[in-house]
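I opened the model to look up a few things and wrote down each one as I went. The entries below follow the order of looking.

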There are 2 protein chains.
Amino acid sequence: MQVEPQTFDRVLSSMCTEPHPDARTAAERFLATNPGDPGTYPAITELEEEAVSTLGEIAGLDSPAGYVASGGTEANIQAVRIARDRFESRDAGRLSNRSETEMPNVVMPESGHFSFQKAANVLGVKLRIVPTDEDHRADLEAVRHSVDERTALVVGVAGTTEYGRVDPIPELGEIARSVDALFHVDAAWGGFVLPFTDYEWNFSHAPIDTMAIDPHKMGQAAVPAGGLLARDETLLDELAIDTPYLESTSQATLTGTRSGAGVASAVAAMEALWPGGYRRQYARSQRNADWLADALVARGFEVVEPTLPLVAADVPVSTFDSLRREGWRISRTATDEMRIVCMPHVTRSMLEAFIADLDRLQCRASVPVISDD
Amino acid sequence: MQVEPQTFDRVLSSMCTEPHPDARTAAERFLATNPGDPGTYPAITELEEEAVSTLGEIAGLDSPAGYVASGGTEANIQAVRIARDRFESRDAGRLSNRSETEMPNVVMPESGHFSFQKAANVLGVKLRIVPTDEDHRADLEAVRHSVDERTALVVGVAGTTEYGRVDPIPELGEIARSVDALFHVDAAWGGFVLPFTDYEWNFSHAPIDTMAIDPHKMGQAAVPAGGLLARDETLLDELAIDTPYLESTSQATLTGTRSGAGVASAVAAMEALWPGGYRRQYARSQRNADWLADALVARGFEVVEPTLPLVAADVPVSTFDSLRREGWRISRTATDEMRIVCMPHVTRSMLEAFIADLDRLQCRASVPVISDD
């Protein structure tokens with residue numbers, strides 16, 4: 001195998017990062033285990049309980065239910081699945097006059113992750129996408145107008161993919177309750193930085209039913225280690241499928257065989273870093289984001305204020321493309337802003353090198369090109 | 001972290017195994033990559049293309065489409081999803097008089113894996129389970145009677161979970177074609193041993209549309225490395241969801257972030273073992289299965305003939321439980337037979353130790369217990 005894994009020294013777009021050394025070691029030790037088969041692999045099952053318990057602590061939930069998923073996409077799909085199945089089992093009695101073909105709906109701000117599109121396609125629910133306000137947060141009036149008696153789930157985002165924004169979680173929870181819908185918070189990326197901010201985002205702040213919170217993003221675990229949390233074990237019952245051939249009797253996960261490496265590395269990362277290490281990392285990442293935002297503003301770009309460690313700026317597409325050609329891994333928002341995620345592997349010196357390249361390219365762009373012919 | 005991963009020296013129930021040393025090394029090197037984000041992690045995307053190409057070679061498909069999934073469950077769910085969406089997009093024109101609430105159906109022998117139950121629940125299709133014949137293979141007459149104009153997919157299994165049986169794949173393919181349904185073969189476990197047998201099971205033998213074939217089972221890759229193959233790229237188009245924020249533009253996988261470790265380890269294992277190493281491993285595993293079956297028959301148990309390296313035997317539940325208490329990881333079929341999978345880590349000396357324990361327990365059971373009081 002000739003291919004080399006690329007290094008992280010130019011990766012500014014990823015929401016994954018280099019695993020913490022303890023997480024890497026744990027992943028390597030538990031590489032050949034399968035938490036999807038707890039009767040055969042009991043040690044990793046024990047570790048998974050530990051992971052869920054710590055995730056609950058991080059997310060303000062005393063007796064958490066949940067599991068280590070393959071990632072935020074699985075956690076989001078499963079949350080929609082729980083809501084759909086709960087709605088449908090309740091629906092038969094409640095709405096006898098409804099058209100049988102009308103799907104349950106999920107109400108989500110436009111800042112929600114594309115995995116909800118996937119969930120809607122897979123699960124046969126209608127996704128009602130509502131606008132965000134001028135600060136890129138869910139517009140509460142729009143959400144209020146969109147929910148109805150067929151709303152199975154309201155989604156809030158705590159740390160959006162494009163701008164790192166936190167929706168008004170308690171208010172969204174109230175709206176969900178007002179129509180007897182479940183409330184899911186996508187904190188896949190934000191969950192490991194928000195505990196060190198003043199945001200109201202977790203189970204103790206709002207009537208949240210389920211949450212995506214991924215150790216393999218800001219939690220510094222190895223992929224695949226996503227997290228699905230549920231306030232109550234009964235919510236997970238909607239997902240259970242009987243499992244012959246296994247010594248356990250049912251399975252609530254979306255996948256079957258699962259990665260023990262991910263589970264073990266999540267436990268190891270959280271043991272090493274929660275809470276002090278994550279707090280320090282958050283502070284470092286936020287300082288880097290603020291520095292980068294200032295540097296971009298100083299160069300005349302329009303920048304979306306980084307309220308979490310994620311910077312979006314109105315850099316022209318041609319400059320963006322040139323930076324990509326220089327090897328920088330950067331990505332774009334839906335409205336073509338450049339987007340940089342200050343993950344743990346993103347250091348100040350990386351950002352300095354990036355800005356130096358940007359300056360060089362801008363300078364070159366402003367010098368008239370002398371034609372060859 | 002105090003927990004130790006258990007060793008494999010008593011694991012007889014798993015369809016996973018110790019990864020090949022090259023697979024382990026590759027997994028460790030690519031631990032921090034995400035094939036779900038090809039714009040950021042191009043090296044692992046290149047490796048994934050290599051993996052799909054070799055999987056195609058193994059499965060008799062010249063220009064394979066597909067990807068490295070989290071496992072057989074994801075591959076099976078995705079196959080059902082392709083079939084459902086293809087059926088529904090075609091259906092509008094074809095069946096104008098149908099009841100709008102009648103779901104498309106999937107016809108599967110009862111030997112099919114429980115992941116299809118999960119797929120049916122998630123995707124809203126009706127699973128029609130048909131009996132198997134006296135040799136535990138799909139009963140063709142029953143399948144013929146079960147398919148109809150609302151059949152979106154017929155499923156065949158090439159290496160069943162309980163008995164290692166291979167369904168009559170070409171005939172099932174014909175039945176699927178006769179009602180214009182897609183045909184999926186679940187070779188998640190069997191795919192890496194069947195090339196060395198006389199079975200007709202692959203894309204060159206039958207009109208197969210999609211297949212599950214998992215490197216992380218008999219392929220000796222590290223978890224998570226499942227495989228979804230499709231005869232034609234257009235089949236995967238049914239799955240594509242737009243992906244803003246990523247430099248790639250759409251995503252056909254069920255999960256989002258994915259494990260580079262799994263992909264890299266699949267490539268490394270297949271480079272090391274295809275075809276000679278897998279051929280030798282199949283021969284070893286089959287000899288072990290035959291030896292174990294003979295040993296059990298000699299002790300008076302009823303044994304299902306192991307036509308692939310998997311042994312099921314009518315061992316009483318009390319003896320089964322005693323063996324579990326001795327630390328043997330064994331599991332049961334739906335009809336309570338003991339089931340042992342001769343994976344690469346299962347050696348002759350392990351099986352000898354197992355039979356010695358069985359003899360000791362049988363002997364003890366036949367001696368009257370002297371009561372303490």
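**Entry 1: helix α8 of chain B**

I began at the start of α8(B), where a side-chain oxygen of B:Ser259 comes to within 3.3 Å of the backbone nitrogen of B:Ala261. I count this as a polar contact (a pair of N or O atoms within 3.5 Å; within protein, one must be able to donate a hydrogen and the other to accept it, and residues adjacent in sequence count only if both atoms are side-chain atoms). Helices (H or I, at least four residues) and strands (E, at least two) are DSSP runs, numbered from the N terminus.

I note that this is a predicted model, in which local features need pLDDT of at least 70 and side-chain atom pairs count only at pLDDT 80 or more, while totals for chains, interfaces and linings use all residues. Residues are numbered from 1 along each chain as its sequence is written, chains are lettered from A and ligands numbered from 1 in the order in which they are written, and side-chain values use heavy atoms, with hydrogens and water left out.

I checked the length of α8(B): its 14 residues should span 20 Å at 1.5 Å a residue, and its end C-alpha atoms are 20 Å apart, so the two agree. The expected span is 1.5 Å times one less than the number of residues.

Is α8(B) mostly covered or mostly open? It is mostly covered, with 12 of its 14 residues buried. Buried means under 20% relative accessible area, exposed over 50%, and partly exposed in between (1.4 Å probe, protein chains only). The cover includes α1 (21-29), α2, β1 and α9 (276-298) of chain B.

**Entry 2: helix α2 of chain B**

I turned to α2(B), residues 42-58, whose 17 residues should span 24 Å at 1.5 Å a residue; the end C-alpha atoms are 25 Å apart, which agrees. Its buried residues include B:Ala43, B:Leu47, B:Glu48 and B:Ile58. Among what covers them are β1 (65-69), β7 (226-230) and α8 (260-273) of chain B. Just after α2(B), I found B:Gly60 with a positive phi of about 70 degrees.

**Entry 3: salt bridges**

I used this rule: a side-chain nitrogen of Lys or Arg within 4 Å of a carboxyl oxygen of Asp or Glu. It gives 34 salt bridges over all chains.

A:Arg144 pairs with A:Glu141, their closest N and O atoms being 2.5 Å apart. Both lie in helix α5 (residues 140-146) of chain A, 3 residues apart, about one turn of the helix. A:Arg144 counts as partly exposed because its relative accessibility is 42%.

A:Asp359 and A:Arg299 form another salt bridge, at 2.6 Å between the closest N and O atoms. This pair links distant parts of the chain, 60 residues apart.

In chain B, the side chains of B:Lys217 and B:Asp214 meet at 2.6 Å, N to O. Are these two buried or exposed? Both are buried.

**Entry 4: between the chains**

B:Arg29 and A:Glu4 meet in a salt bridge at 3.2 Å, N to O.

Conventions. Contact = heavy atoms within 4.5 Å.
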